[in-house]
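Open your viewer and get ready to select by chain and residue number. Each stop below names a selection and then says what is there.

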Amino acid sequence: MPAASLPRWIDTGVIPVLNIALALIVSGLIIAAIGEDPFAAMAVMVKGALGYQEGIGYTLYYATNFTFAGLAVAIAFHAGLFNIGGEGQAYIGGLGVGLVMLALDSALPMVLLLPLGLLASAIFGAAWAAVPAYLQACRGSHIVITTIMFNFIAAALMVYLMVNVLIQPGQMSPQSREFDVSGHLPFVHEALAWIGVSFARSPLNVSIVWAAVCCLGLGAYIWRTRWGYELRTVGHNERAAVYAGVNPRRVIVITMCISGGLAGFVGMNEVMGVHHRLLLDFTAGYGFTGIAVSLMGRNHPIGVVLASLLFGVLYQGGAELAFEVPGITRELVVTIQGLVILFSGALAYMTAPWVARIYYAVKPRPEPAVSAA
Amino acid sequence: MTTDADSATKKRAAGQSAPPPAIEFHGISKSFGPVRANHDVSMTIAAGCIHGIVGENGAGKSTLMSILYGFYEADRGEIKVAGQAVNITSPDRAIAAGIGMVHQHFMLVDTFTVLENIILGAERGLLLADSIAAAGEELKRLEAEYDLYVDPEAVIQDLPVGALQRVEILKALYRGAKILILDEPTGVLTPQETDQLFRILQALKAQGGTVILITHKLREIMAITDTVSVMRHGRVVADKITAETSEAELAELMVGRKIRSGLKRTDVAVGKVALRVRHLTVRDAYRVPRVDDVSFEIRTHEIVGIAGVSGNGQSELLEVLAGILPVAGGGFEIAGRRIMPDDPCDPAQLRTLGLAHVPEDRQRLGMVAEFSAKESAILGYQNEPLYQDGIMFNQAAIAEKCAALMARFDVRPPLPAVLSANFSGGNQQKLILARELDRAPDVLLVGQPTRGVDIGAVEFIHRQLIDMRDQGCAILLVSVELEEIMALSDRILVMFEGRIVAELPAVDADERTLGLMMANAAAATA
Amino acid sequence: MEDAFVFTVLTANATVRVATPLILCAMAGLFSERAGIIDIGLEGKMLGAAFISASVAAVTGSVWLALGAGIALAICLALLHGFACITHNGNHVVSGVAINIMVSGLTVVLGIAWFQRGGQTPSVGPDARFMPITLPFADVLRDVPLLGTLYSGFLSGHNLLVYIAFSAVFATWWVVYRTRFGLRLRAVGENPQAVDTAGISVAWLRYRAVLIGGLLTGIAGTYLAIAQNAGFVQNMSAGQGYIALAAMIFGKWRPVPALGACLMFGLLDAVAIRLQGVVVPGIGEIPVQLIQALPYILTVVLLAGFIGKAVAPKAIGVPYVKEA
């Protein structure tokens, strides 16, 4: 890897920032190309995302989804797996929550429904990831292809269920009935109101707390436990893992289950936290955004949080921008997302040789302290 | 430095008009980052002769040949082919200059036929049909000329290695190579195949071709080459006429000092059986037995060395005993536990039974290059209670352990946070040994303990292994270095085509007898 | 009898219509993947080409300019993929995903900026579309039973791009198995080092492979926009690039079996629409979503090794770096 010879702060600081800057510059050129002012557009976006309480609420709500989806991609990457199936896992995770709520919302209080919903989204998401994981581990099929296929299968399954089974009788649009209030995750503005703080209404709900817990937990799991150690061993060097008595198949399946579970929480945030009913397409591409978030955040929980916040700003700001400037649509954000994946992922080390040249021009290359014989 | 070879060239040329040398290197230098692979290398190879290049692993032989073949570009220096200065920047330039190369790892497309592999890159015209027809004719001619038969329609993945090598040679000849480079060609060959290869090389020479043979096997140098260059640490240290030198002299030149006859070691009475192997069989993915009905035992206070040409099942034997490969037949017993085909045991369980394993391929098996040293220092022992603190790792204990291991085995630099990949080969190996020896295992499997390790570390590592044996450890040693086997072992087993074909006490072994047993298994067992 | 025959011909025509972009993309993917470059980006290249060709057709009214523009854009995207994967050793899947996502956004952004129609392009008239071609004597032979119906009802009456798609399969087969380029292409996907040591540039070979992929996906996109439809609609490729990828895998990276898979998936799609609400005796109503999901399910089942074994080119997705 070309950056291996560079100091850590350049590799994990300068280069990622440079990559994002490149993505944003190209985005700016696109905005300019369609005849708008990129700087004015940026100002509208930042103001729309961070300038007032409702905007901040939306930004954080999006960031919550991106954190779950980003962590899902990140943990799989550490085991050397590319989980493109976050979208489908989120969809099915949401289905799990929805089914539990539809079945039990009138029977149980919120204190029980909340953990049940959490569990259901994790289990359904994990199950949807477990099949591709098993097929990769034991049957040798490529997880990238199978997870893509499972996204489409999930979409078909959901259409079938919503149109034929779960639709609220007498309704035209394929939606389930709304859950009882006990099956709603409290909104943050509601929770703040309980302690006397007033905050503007937004879809932001207590899922964000769970996202923070997941970040901490995942960081500890990957770098501070023996399971995480085994996971990283498999990701870096499967033969060394076998040597060390690790069963790569088990690690692959477990890791993908955790990954799918995390993606499933996107479904929880949407179904239990925002819509309070099952409907179609509630994942809205968040699973794919998770790929950009993870790559941009270098598969590290802190990086994922930072990248999620940036994408939260982009999504909320983009919505605001589309509202304010008729010539620009929300899909601009999707374009930026693609550019971020391109520059932070596929071309991650494009700038490294130049950075190295500048760095060593400023600071002469030292004799390596450790000589490779 | 080149005077010997120059005089050789002159002698050869006496009485006839002197053709220019086939190859001349002048002051070739090449570095990979901080590693100097070639340093001011000059060498002259006369036309129409077989020239050997010997040296230890990492001496820079392969790098020099890769430069000649245009795979790498030299940082400095000049190459002349047949007296003409050439600028070989890519393999196609080398091919155009009449140079062909048989790589150590064959460069063949497994799913292609022999014929398709041969014409790849040397097709005639845009359509395959023409090339195939023309190549068929040409192959028949080459076959007859060099006694080089391979079925042109056979698919590569179905062929044995000996045939693959013939395909590689045919590839080079088909491209009109006048100069053929062979990089460690006999490591994977049976003695018969080696003999056949040497006949082919002689035929090439008889037709006026030049052969460059890279090897670390001195016997082969003596057997077939006319002239030889010795490389050490990226430099040429001697050029000799083969007839005027000896294995002993070359060996000394290679290593840079006299080979010591053996380590100082005390005689210790062996104890009880620590590892019992009975009719053990291992099969590869194609169901071919790699370890074939092998039986032996190792006692405490004993080092048993496995000698053999690499690729005769030694690696598979180590890996099956370590629990990495499954047992296909027979089994083995350690600490009262029998491991059989229907009662397998994974590497983690075997460790708890008192087995430790220093793998042959330390980069790919023994450590994780991307891990810090302290993380690599617990590889295989990550579940030990010592390293746990509830469900979390005890980071302090891990760092402390790594520092202790580094101190005990003099790993430099003694910094647990440094990336494993950034240590030199010798220090990586010392760290792995430290890790594996730390639990005072009852049985230790060691593969190529000093491969790619600097001379200073070799003695240290040998000393540690002897100490372990003195303390009662039963050690199984696999090495391609016969001297290492002879210096360390109490008993030597010779492996050939997956079987143990001979066993002898180390005191009775000398390089010649062992070499004979390794090379000519049938005669040795008879 | 006659009805059944007509029904079969109608279904076959529908199948061909649906399968055409799949075939073109599957051949594109085949070139790329046989050279060792994973091509997740078929979807994005096709979508981008559809948008540009629809735009050019709407503005200029020329099918040829539209086709040229579609191909040019797809080739640019293919070059970008090559730049990331071949020149910079980037992750092939990441690069492909990036292209797909970027294009799905950009086509709408530009569509609204250029045409202000909510992301659609203006619909174009017959002059700016590839229209059905009537083969010679098709009208005369129409009344000849069976063979005549087959000729004029099935073989005749498709647009030019359909014929190109089917020719592309045989061209692909010929190039891959019968030419020097094909031999090298197959070799570089299996063992790039063998190609390098044979004196052939690995990078240039792989670039040519992705360029051909760009050409074919460009035609596929143009077909979607101005042959099958009369303009661009947001996300009109709707996952067909992925189905094509699945079909190529289903065909085990071989042109003719991949064609078979494309036709099978096309047939499933054609039948799914007709089966909506139909009660099959003994089974009941087959959910149309199940049939739509069948290509994906079948591909998963195939990859899992339950029907034969799909072995990918050995060096696929592995950046080629000379080892030091």
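This is a predicted model: local features need pLDDT of at least 70, side-chain atom pairs count only at pLDDT 80 or more; totals for chains, interfaces and linings use all residues.

Residues are numbered from 1 along each chain as its sequence is written, while chains are lettered from A and ligands numbered from 1 in the order in which they are written.

**Stop 1: a helix pair in chain A**

Select residues 286-296 and 301-324 of chain A. These are helices α12 and α13. Helices (H or I, at least four residues) are DSSP runs, numbered from the N terminus. The two pack at an angle of about 130°, with their axes 8 Å apart. Axes are lines fitted to C-alpha atoms over the stretch in contact, and angles run from 0 to 180 degrees between N-to-C directions. α12(A) passes α13(A) in a right-handed crossing; right-handed means that the near helix is turned clockwise from the far one by less than a right angle. Now show the contact: A:T289, A:A292, A:V293, A:S294 and A:M296 from α12(A), against A:V304, A:A307, A:S308 and A:F311 from α13(A). Residues are in contact if their C-beta atoms, placed from the backbone, lie within 7 Å. This contact has six nonpolar, three polar and no charged residues. Here Ala, Val, Leu, Ile, Met, Phe, Trp, Tyr, Cys and Pro count as nonpolar, Asp, Glu, Lys and Arg as charged, and the others, Gly among them, as polar.

**Stop 2: another pair in chain A**

Select residues 110-139 and 248-275 of chain A, helices α5 and α11. Their axes come within 6 Å and cross at roughly 145°. This crossing is right-handed. Its contact residues are 20 nonpolar, nine polar and one charged.

**Stop 3: where chains meet**

Color chains A and C. The contact takes 34 residues from chain C and 41 from chain A. On the chain C side, α4(C) gives the most, with 15 residues. That side has 23 nonpolar, 11 polar and no charged residues.

**Stop 4: buried places**

Select residues 180-190 of chain C. Eight of the 11 residues in this helix, α8(C), are buried. A residue is buried if 20 or more other C-beta atoms lie within 10 Å of its own, exposed if 12 or fewer, and partly exposed in between. The buried ones include C:L183 and C:E190.

Next, pick B:L68. Not counting residues up to four places away in sequence, B:L68 touches B:I23, B:I79, B:I88, B:A94, B:I99 and B:I181.

Then find B:M517 in helix α18 of chain B. B:M517 counts as buried because 24 C-beta neighbours lie inside 10 Å.

**Stop 5: backbone details**

Which peptide bond is cis, with omega near -5°? Select B:R412 and B:P413; the bond runs from the former to the latter. B:P413 lies in the loop between α14 and α15 of chain B.

Finish with A:A284 and C:N89. A:A284 has a positive phi of about 45° although it is not a glycine, and is found in the loop between α11 and α12 of chain A. C:N89, also not a glycine, has a positive phi of about 55°. With 16 C-beta neighbours inside 10 Å, C:N89 counts as partly exposed.

Conventions. Two residues are in contact if their C-beta atoms, placed from the backbone, lie within 7 Å.
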